[in-house]
Each structure stands twice: as structure tokens, then as C-alpha cells.
Amino acid sequence: GERFTARFATSNDLVHWKTTPRECAYSRDRYTAPHALRYLDGYYYDFYLEAFNGYETRVVRSKDLIHWESSPLNPVLRASDEDKKIANAKLTAGQRRRIAAATDINNSDIDFCEFNGRLIINYSWGNQQGKEFLAEAVYDGTLKDFLTGWFPSRPRTFSDKR
């Protein structure tokens, strides 16, 4: 595959691992990196970086790690001025200037954890050439809501009240 094609492995004890069959991969046809894999209700959800309009985090899902369905709502994360919002009051004026002046073409390295009914999301943003920053976002919902929300059962319209 292309650079950073994901291969998968299984383990019953987290010590001894066995690689899945060769066809269990994502994705051989384009750059996809680093992968955050979650499993819920029969689906594997793979959050990954794709080189597209800069570097965006996207999500696909699979029941067998072979056949993949892309979310119709991609991208999950896209570079924007929101990445540069500062939550740490202790940053110096120089650090704040460095953040404000930074080139932002990348949202990558996503990871997340549910805590008190909310999803805490961490990711990297920057220029993909060594100047990277860590960011945090919050999704006001459960992990299950977050995962399944990327794959609506029917297209939503403006009049939907849900």
C-alpha cells in the first residue's frame, strides 16, 4: 500500500499478538496515517489522517477490517482558526505570538476518551513539517453517540428536529 497503510493484529492477552490476514488493511490506495481504531456494536471505526486540502482527519468503518464504508460527514477534523484558541492562561506573550503566527494545514493524531458523559478529544495541528501543537476539543455526548453519529441511518434534512 501507500505510506502508513494500517495493518491489524489481535491478542487475547495483550502480550502475544497475531497479524490479521493481509487483506485486513486500510488503505492501500492513498496516504492514511496514524490510525485510532475503536470497536462498537459489530463495527470497527478507524479515524485516520488523509492528505486532502492539507491534512484532514477522516473516519471509516468496517465489520471485517476488509470492506470499508466512509462517513458521508467527513472530515472529522479540518484545520481552522479554532485550532489556535488558547485555553492555558499561563502561556507567555511569546508563546501566544508563536501560536498566532503558526501555519495550520493539519489536524492529525486524534485520540479520545469518554469522561463523565463527554468525549475529550486530543489532536495535533500545525504545518506537517515539525511545527506542531496539541489541541483539545470536547464532544458533549457519549463515545457511542460520537461513533455512530458519523454514519447516520438516513440523510438529515434542515427540517429534522432531532
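Okay, let's start with a charge on a ring: Arg61 lies over the face of Tyr43, 4.0 Å from the ring centre. There's another one like that, with the charged end of Arg58 over the ring of Phe52, at 4.7 Å from its centre. Keep in mind that this is a predicted model.

Now the aromatics. The structure has 14 aromatic pairs. One of them is Tyr31 with Tyr55, which is edge-to-face, with 6.0 Å between centres and 65° between the planes. Tyr31 sits in the loop between strand S4 (25-26) and S5, and Tyr55 is in strand S7 (residues 55-62), so this pair ties together parts 24 residues apart in sequence. As for burial, Tyr31 is at 14% relative accessibility, so we call it buried. Tyr55, at 23%, comes out as partly exposed.

Ring pairs also build a cluster, made of Phe47, Phe112, Tyr139, Phe146 and Trp150.

Some of those names come back in the core. The largest nonpolar core has 22 residues, and Phe47, Val76, Ile110, Phe112 and Phe146 are the ones with the most contacts inside it. Who contributes? Strands S5, S6, S9, S10 and S11 each give two or more residues, and so does helix H2 (143-149). S10 has the largest share, with four residues.

So what does Phe112 touch, leaving aside its neighbours within four places in sequence? Its contacts there are Arg38, Phe47, Leu119, Ile120, Ile121, Leu143, Phe146 and Leu147. And apart from that core there's another, of eight residues, including Phe8, Cys24, Leu65 and Trp68.

Technical notes
Residues numbered from 1 in each chain as written. Predicted model: local features only at pLDDT ≥ 70, side-chain atom pairs only at ≥ 80, totals over all residues. Heavy atoms only, no water. Core = buried A, V, L, I, M, F, W, Y, C linked by side-chain atoms within 4.5 Å. Buried < 20%, exposed > 50% of the residue type's maximum accessible area, 1.4 Å probe, protein only. Contact = heavy atoms within 4.5 Å. Phe/Tyr/Trp six-rings, centres within 6.5 Å; stacked < 30°, edge-to-face > 60°. Lys NZ or Arg CZ within 6 Å of the ring centre and 35° of its normal.
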